[in-house]
Amino acid sequence: MSSTGAGENRGELPRRLRALARRGWKVLRVNWHLGVTAFGGPPVHFKIFNEKFVQKSKWVDEQVFQEIFSISQSLSGPASTKMLYCINLLHGGFMAALFSFLLWSLPGAIGMFGLSIGVSSIDENLPRIVYALLSGLNSATVGVIALAAVELSQKAITDPLTRIIVFVTAAAGMLYNALWYFPVLMLVSGVATLVNDYRWIHRPLGALVGKVKRKRATHPEAGPQNSATTTRNSHELGPSQPGPSSELPVSEDEANKNERPSGSTAENEPRIVPQELRFNMSWKTGTVIIVTFFLSFIVAMVLRSVLPDPGPPILYRLFSNMYLAGTIIFGGGPVVIPLLREYVVAEGWVSARDFLIGLALIQAFPGPNFNIAVFLGSLTAINAGHSSVAGALIAWVAIFSPGLILVHGTMGLWSAARNRRWVKSVLRGINAGAVGLIYTAVYRIFMVGYIDQGFQAGRSLGDDPWWVVITATSYVGGRYFKLNAPSAIVLGGLMGLIRYGVVNA
């Protein structure tokens, strides 16, 4: 018995290794190119993921995709990275998700690291032709993101309310900018669709309107004109069409029907999730993961505050700043990039010029925009006399970890709640709010996309019509001529060089 059991154990290990190898090969075969071909930032990445995982490989269906999109947008950290992680987590488990993240992030991270070494050794002012190239890349990226926002809107807008939410969140995001602001906008969007779908306001409001009309109809000072109007409306309604003032009894079935979500916006039956699209983790495990993360966050922040003068080493401060950014910044790459300025430039670790160069470069790079942390971490370490590799690695781990840990834990909670009607209703509003914030990202990059000598914070692309033309060319090319994002961005860089040649001829 003992030898038989030992033989079975020896045979079990190779089987597990072969199964792991098969899963790894499948993840590699599907994901390998995304880290080097997915240009344009999160809005474009979502479109690419939909085509890849919903339409072609069919790893998830459209509804699961929209659910994961909402979860990714409603949590802090890199939105498109979290979405790719979750799709692979559902399909192949934790190791598949981790492997897909490395395939996704490492190519761009290595490229940004190499560029940080080059930027650290250049003179204070770059040649004007380089600034023209970078501004052209930024201009084209704005057009690519604008197109992605329009296409995502077509999926997120399902009724007049979601159309209003997209507009309001886009406008609100342009008018104000703060760390707490974007998650609040998405939360309000989810509450709005929940209240609408369950008609929590409709009946009280209808009762109030009916009461006002009855009061006006019976008021002694209503006057002849109002009485005539009331009489005319009564005849128009007829005996079989009671108006708001009617006090006809309502059946119990009818009353219960009014309490349910409206049929046009939320299904009356719970969502039935196919077995292959269920995540095998309990909500208790998910809760433990989330609580453990927040404990680590508190420890990291407290250590930074209590360490005696001269304070913690700069590499630890770099870690804590990036950990903080990855934890509290919502909205993905287009939002985190401007806000990261406060975490590195305001600290005096990286110059404003180098930050703007990194901003332009990351727009033209494939993969997650959060890879700019590698560029900034490397420069921080170099300027402080430390290893560039250490600075880049610390920043990379610190900024990506919060979002991935939180979304992993949240997937456990989601697996327990996803078949509830109210969850679907809330996610519909969060979807619309997140798409609205993509238009905000378009605006913010547009306002800092023009870089040149002497610009400390970038300038609006609208300061020169040529950059607006590049943005429009990128948008029209993708919308009507099937120009893909990498080609559009390269074309933008070439048009920037053409402008330099014409102006300096």
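Helix 7 passes helix 16 in a left-handed crossing, meaning that the near helix is turned anticlockwise from the far one by less than a right angle (clockwise would be right-handed). This is a predicted model, in which local features need pLDDT of at least 70, side-chain atom pairs count only at pLDDT 80 or more, and totals for chains, interfaces and linings use all residues. Residues are numbered from 1 along each chain as its sequence is written, and side-chain values use heavy atoms, without hydrogens and water. Helices are DSSP runs (H or I, at least four residues) numbered from the N terminus.

**Helix 7 and helix 16**

- Helix 7 (residues 128–156) packs against helix 16 (residues 352–363) at about 50°, and their axes are 8 Å apart.
- Axes are lines fitted to C-alpha atoms over the stretch in contact, with angles from 0 to 180 degrees between N-to-C directions.
- Y131, L134, N138 and T141 of helix 7 meet R353, I357, L359, A360, L361 and Q363 of helix 16, where contact means heavy atoms within 4.5 Å.
- This contact has six nonpolar, three polar and one charged residues (nonpolar: Ala, Val, Leu, Ile, Met, Phe, Trp, Tyr, Cys and Pro; charged: Asp, Glu, Lys and Arg; polar: the others, Gly among them).

**Helix 4 and helix 5**

- The axes of helix 4 (residues 62–74) and helix 5 (residues 79–92) come within 9 Å and cross at roughly 135°, which makes helix 4 oblique to helix 5.
- The crossing of helix 4 with helix 5 is right-handed.
- Helix 4 contributes V64, F65, I68, F69, S72 and Q73 to the contact, and helix 5 contributes A79, K82, M83, C86, I87 and L90.
- Nine of these residues are nonpolar, two are polar and one is charged.

Technical notes. Helix = DSSP H or I, 4+ residues; strand = E, 2+ residues; numbered from the N terminus. Parallel < 35°, antiparallel > 145°, perpendicular 65-115°, else oblique.
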